[in-house]
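User: Could you take a close look at one part of this model for me, the surroundings of the ligand, and then walk me through how the helices pack?

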Amino acid sequence: MYTHLQLRGSDRPPVTLSTLARMKADGQKIASMTCYDASFAVLLDSAEVDVVLVGDSLGMVIQGYDTTVPVTMDDVVYHCRAVARGLHRPFLMADLPFMSYPSKNEALSNSVRLMQEGGAKMIKLESGGTQIEIVEFLAAHDIAVCAHLGLKPQSVHKTGGFRVQGREEDAAELMIDNAKRLESAGADIVLLECIPSALGKAITAALRVPVIGIGAGPDTDGQILVLYDILDITTGRKPRFVRNFMEGAGTNQQALVNYVKAVREVSYPAPEHEF
Ligand code: KIV
């Protein structure tokens, strides 16, 4: 079953890290979205989303918790397996949830679970200076890694809530430095959440690897949003960077197509979505 070789010649070959590197080099924006089940995975695939994340945001939008902290490895594996069944083209990334990577060895064995049981191709972990060694260890075992910087929802009880990060000069400098160190350690993608646009631009320019932003301004190499936010399923107050793509869309499928188009054309994010 040399499926990879067979698909290489198809008109919709699967997205790989090489595809994403090429997109960054060509200045073509990467459209990414979270997903938690097979039915939506099929819709995201046909809307030409490039990267799909089984995020631990599932704790909030699926399970009804007010943070991502209660999410377990079993939860992410379960949802990842479902999403993997619905995908053909997009690159599938899955979150290591809270406290599933306190050591290098636990990070490795839980990444292996996400890949072997869940079908993920890349794992994402909320990072900073203290995760450099873990990223290095995973990379040394040929695991594709996305390092998540900026607002880190798994840390909200320590950091004091869901707040914009990197506004002060020293915090911004530290984030740029950590992003470079994570790239040197072997991170293949950096994800930036909820930071000023100017900082998103500076980090994107400083790195060779693709940078995907959520509330990080229009200058990152790509955008990601939480699926239920853009389909207006999430109730209550939403973050400033969210746009309701159901407006004027009619169907979920059309909303997703409009999202991908807006990301590619850089009409999303607009100034009202920026910090
Ligand atoms: O869990 C998640 O959905 C995420 C996104 C906010 C990027 O990490």
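Predicted model: local features only at pLDDT ≥ 70, side-chain atom pairs only at ≥ 80, totals over all residues.

For Lys 124, an N or O atom of the side chain is 2.8 Å from an oxygen atom of the ligand. A polar side-chain atom of Asp 56 lies 3.0 Å from a ligand oxygen atom, and for Asp 95 the distance from a side-chain N or O atom to an oxygen atom of the ligand is 3.1 Å.

Now to the helices. Two packed helices are described by the angle between their axes and the distance between the axes. For helix 5 (residues 73-86) and helix 6 (residues 104-116), the angle is about 25 degrees and the axes are 9 Å apart. Angles under 35 degrees count as roughly parallel, so helix 5 and helix 6 are roughly parallel to each other. Their crossing is right-handed. On the helix 5 side, the contact is made by Met 73, Asp 74, Val 76, Val 77 and Cys 80, and on the helix 6 side by Asn 110, Arg 113 and Leu 114. The residues of this contact divide into five nonpolar, one polar and two charged.

Helix 5 has another packing partner to look at: the axes of helix 3 (residues 38-46) and helix 5 come within 7 Å and cross at roughly 40 degrees. That angle makes helix 3 oblique to helix 5. The crossing of helix 3 and helix 5 is right-handed. Here Ala 38, Ala 41, Val 42 and Asp 45 of helix 3 meet Ala 82, Val 83 and Gly 86 of helix 5. In this contact of helix 3 with helix 5, the residues divide into five nonpolar, one polar and one charged.

Most residues other than glycine have a negative phi, and most peptide bonds are trans. Asp 142, in the loop between helix 7 (132-140) and strand 5 (144-150), has a positive phi near 60 degrees. In the segment after helix 12 (252-265) you will find Pro 269, and the peptide bond from Tyr 268 to Pro 269 is cis, with omega near -5 degrees.

Terms used:
Residues numbered from 1 in each chain as written. Heavy atoms only, no water. Axes fitted to C-alpha atoms, helices over the stretch in contact; angles between N-to-C directions. Helix = DSSP H or I, 4+ residues; strand = E, 2+ residues; numbered from the N terminus. Parallel < 35°, antiparallel > 145°, perpendicular 65-115°, else oblique. Left-handed = near helix turned anticlockwise from the far one by under 90°. Contact = heavy atoms within 4.5 Å. Nonpolar A, V, L, I, M, F, W, Y, C, P; charged D, E, K, R; others polar. Polar contact = N/O pair within 3.5 Å; in protein donor to acceptor, adjacent residues only side chain to side chain.
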